[in-house]
2 protein chains.
Amino acid sequence: MTASVRIGLLGMGNVGGALVELLQEQHSDIAALTGLDLAITRIAVRDASKPRGELYGAELTDNVAAVIDADDVDLVVELVGGVDLARDWVARSLQAGKSVVTGNKALLAAHGRELMDLAGEHNVELLFEASVAGGIPLMRALQKSLRGEPIERVMGIVNGTTNYMLSKMTEDGADYAEVLAEAQALGYAEADPTADVEGHDAQAKAAIIASVAFGASVTDADVPVQGISGVTAEDIANAARLGYVIKLLAVVERSGDEVAARVHPTMVPTSHPLATVRGSFNAVFIEGGAVGDLMLYGRGAGGRPTASAVLGDVIEAATSVSHGTVRRLPPMADARLRAPEAAMSAFYLDLSVEDRPGVLAEVAGVFGANGVSIRSMEQQGLGAEASIAFITHEATERDMAATLEKLNALPSVNRVGAQYRVIGG
Amino acid sequence: MTASVRIGLLGMGNVGGALVELLQEQHSDIAALTGLDLAITRIAVRDASKPRGELYGAELTDNVAAVIDADDVDLVVELVGGVDLARDWVARSLQAGKSVVTGNKALLAAHGRELMDLAGEHNVELLFEASVAGGIPLMRALQKSLRGEPIERVMGIVNGTTNYMLSKMTEDGADYAEVLAEAQALGYAEADPTADVEGHDAQAKAAIIASVAFGASVTDADVPVQGISGVTAEDIANAARLGYVIKLLAVVERSGDEVAARVHPTMVPTSHPLATVRGSFNAVFIEGGAVGDLMLYGRGAGGRPTASAVLGDVIEAATSVSHGTVRRLPPMADARLRAPEAAMSAFYLDLSVEDRPGVLAEVAGVFGANGVSIRSMEQQGLGAEASIAFITHEATERDMAATLEKLNALPSVNRVGAQYRVIGG
């Protein structure tokens, strides 16, 4: 006995096209395993006259509303991207009593809570596994498997372009500019790479992870971000000497009732599982109070991996549609956002200082006076070239900023060099 | 608005005790996030007079049937272990219309299909995330996220004891016997280590993974198994020289309509993500036709990690109970088991041969005559100590067995040494 569920697809780019193909390939296996007869009946695209691949019977239109409202569309898959129009379309679908599957991270980072609440009101589902870390089943792990878990922290390598670039810099000793040019030539980075290299893509994903992991209402605007454009080959070499690699991490953590989220290049010990994630792969490392350390690793982007995540959601939503058994997520808890200056990290700091007795005590005194405690320090280089690499214990952003201000004002400090946040092993 | 769901717990060992504590700690967070008021009302143990920790109001009994049948038990958590009695209890619970959460791998490996079908007949759920790889959300990934994915192969490090032992042998160059004694002293290995070191624990898990990943009906008796008791420090050193580490893998794969499952020590390239899984951690590597490579990594055992997986299942089942919306899994497809001798692998083979011209051609000829093609060969050692390490392309177990028989009969072959299956990078 199979139940027919008809899908309206908005957008037929890279992921949409892959979804059409994947659903066709897997149609009979899905029917055998789930009892669902899934078909894409309508597809909305910007330009319906443009030649397309095989559509397997779906009707093509440039009228999005006609797809959403069609009687032969039971659920809507939104793969258009963008925020404002997508928000209207998703809201209209939910209001029409149709569950929505979307991979639109920008939309969720800006309006996730509002849309989840709307889905709840209309007793339909809003699923978005594909919006973070492509084919990696992170959302389902957080929403289902770890529902009862006291999650303490989630750290993710969630942008493949920057991980590819940092991996190349680490493995080849190459410069940032060189690696960026190569990544652009290979199509791994876009002509305007800002969204990736300045961390905005990871920032949106951090907001979604924080919302789902902690039931907090976090938007991308709430997430302090620093990208990788300031990372140098020298920084990477210095980190390596100390046993670290530099990764761009989205970090989301809870401390009491407060939630903190941020994105920055981070020194990760080489023995940490995240350090082994190379090239354009993504991985998300979860620290739970009961489950311990957990890592999910896989392809974070690409048409087929992302389409696979969309299809998993489609099958889940279609099962609900066919059983008439939608599961409402309750409204999210109101975990408070921690003020950015109260967030805590360990820090790496590279200082070039005058080479005379007493300077070290002077510098160490500045850390101490500002409540920052030093875990290790190590001289690198010799004579006028000498610098000292400090790694601190955990300190607040506020205390660290005050320390830096005082260090910069110190006559014996020639230069405050690279600064990185550091995670433990 | 909260819905009350009352739990009957069978067994209060390591995991059961951790579940009682975890549920107590997380009760209010779970209520806030899911609207569920979860309480363990009854607990069945072998000896109810033995002193226990705090039970938070649960009633203790040695009468299992009384727990299953109690009106104030809505769902049953089975953490007793064993096969025959557990089968009766789980069946009785399902027949009474109560969903069951279990972490009992032996039960599922022997009677999984029968019990899943029984759950379907009675319109209740049977969830078993904790049965394979403890806190790692593998079952949910396979059953939900990857439902529409053309999964090609699943390879798992699913036994922490043997991974701990192999990691120690690799890192310290230690002998098998030495590492086993140490693992026993630390409590990582049992006094009778057979179930772990001979691969029977991994064998049961391979059967469950095959059933869930491919919808096949596979029991542990269907899975050929080889443990790690024959792995020597020399084998590990030889593998390292060629760029491999030795891991005990449960391998489950599909080829056309056929499914193959097996457990054996395997040479894994050091660049493969599975090679980086050290100590007692577990990891499962999934190769999907669309999603690409995916790995889930975490704690495979231990009271709290396993209790976390049980609690995730309890929340899912309790949500179904409270909504009255049980999702039936359709009956499993009948994927056929591939005959063990038709299963394919690449092989590593260590041969000690006479040191005279023409021997290599003779030996290589035996591989070729039996349809096994050589990918690489490398001499190790010198003179009478010399041996040749061969790595083949993929070949069937049948062809490889024939090759070995012929090699053993060859006068110029002094000794056929270590043999390992090998996976690609």
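This is a predicted model: local features need pLDDT of at least 70, side-chain atom pairs count only at pLDDT 80 or more; totals for chains, interfaces and linings use all residues.
**The interface**

The contact draws 55 residues from chain A and 55 residues from chain B, and together the two chains bury about 4400 Å² between them, with 57% of that area on carbon and sulfur atoms. Across this interface there are 12 residue pairs in polar contact, both residues of each pair being at pLDDT 80 or more. On the side of chain A that touches chain B, the elements giving two or more residues are α1 (14-34), α5 (138-145), β11 (292-299) and α11 (303-323) of chain A. Of these, α11(A) supplies the largest share, with 10 residues. The residues on that side of chain A divide into 23 nonpolar, 17 polar and 15 charged.

The interface of chain A and chain B also holds 2 salt bridges, one of which joins the side chains of B:Arg254 and A:Asp29 at 3.9 Å, N to O. Side chains of opposite charge can pair when their charged atoms come close.

**Salt bridges and aromatic pairs**

Over all chains the structure holds 46 salt bridges. Among them is the one in which the side chains of A:Lys205 and A:Asp201 meet at 2.7 Å, N to O. A:Lys205 and A:Asp201 are separated by about one helical turn, because they lie 4 residues apart in helix α9 (residues 200-214) of chain A.

For B:Tyr164 and B:Tyr188, the ring centres are 4.6 Å apart and the planes stand at 85°, so the pair is edge-to-face. This pair links distant parts of the chain, since B:Tyr164 belongs to helix α6 (residues 160-172) of chain B, while B:Tyr188 sits in the loop between α7 (176-185) and α8 (194-197) of chain B, 24 residues apart.

The side-chain pairs named above are set out here with their distances.

| Pair | Kind | Distance |
|---|---|---|
| B:Arg254 and A:Asp29 | salt bridge | 3.9 Å, N to O |
| A:Lys205 and A:Asp201 | salt bridge | 2.7 Å, N to O |
| B:Tyr164 and B:Tyr188 | edge-to-face aromatic pair | 4.6 Å, centres |

**The sheets of chains A and B**

In chain A, 6 strands form an open sheet in the order β3-β2-β1-β4-β5-β6, and the pairing is parallel. Its edge strands are β3 (59-61) and β6 (126-127) of chain A, each of which pairs on one side only. Further into the description of this sheet, strand β1 (residues 3-10) and strand β2 (residues 36-44) of chain A run parallel and are joined by 8 bridges, with A:Ala3 standing opposite A:Leu36 in β2(A).

In chain B, an open sheet of 6 strands has the order β3-β2-β1-β4-β5-β6, again with parallel pairing. Because β3 (59-61) and β6 (126-127) of chain B stand at the edges with a single partner strand each, one side of each is left without a neighbour in the sheet. For β3(B), strand β2 (residues 36-44) of chain B pairs with it in the parallel sense over 3 bridges, and the bridge partner of B:Ile43 in β3(B) is B:Leu60.

Conventions: Residues are numbered from 1 along each chain as its sequence is written. Chains are lettered from A and ligands numbered from 1 in the order in which they are written. Side-chain values use heavy atoms; hydrogens and water are left out. Contact means heavy atoms within 4.5 Å. Buried area is the accessible area (1.4 Å probe) that two parts lose on being put together, summed over both. A salt bridge is a side-chain nitrogen of Lys or Arg within 4 Å of a carboxyl oxygen of Asp or Glu. A polar contact is a pair of N or O atoms within 3.5 Å; within protein, one must be able to donate a hydrogen and the other to accept it, and residues adjacent in sequence count only if both atoms are side-chain atoms. Ala, Val, Leu, Ile, Met, Phe, Trp, Tyr, Cys and Pro count as nonpolar, Asp, Glu, Lys and Arg as charged, and the others, Gly among them, as polar. Rings of Phe, Tyr and Trp (its six-membered ring) pair if their centres lie within 6.5 Å; planes under 30 degrees apart count as stacked, over 60 as edge-to-face and the rest as tilted. Two strands pair if DSSP finds at least two bridges between them.
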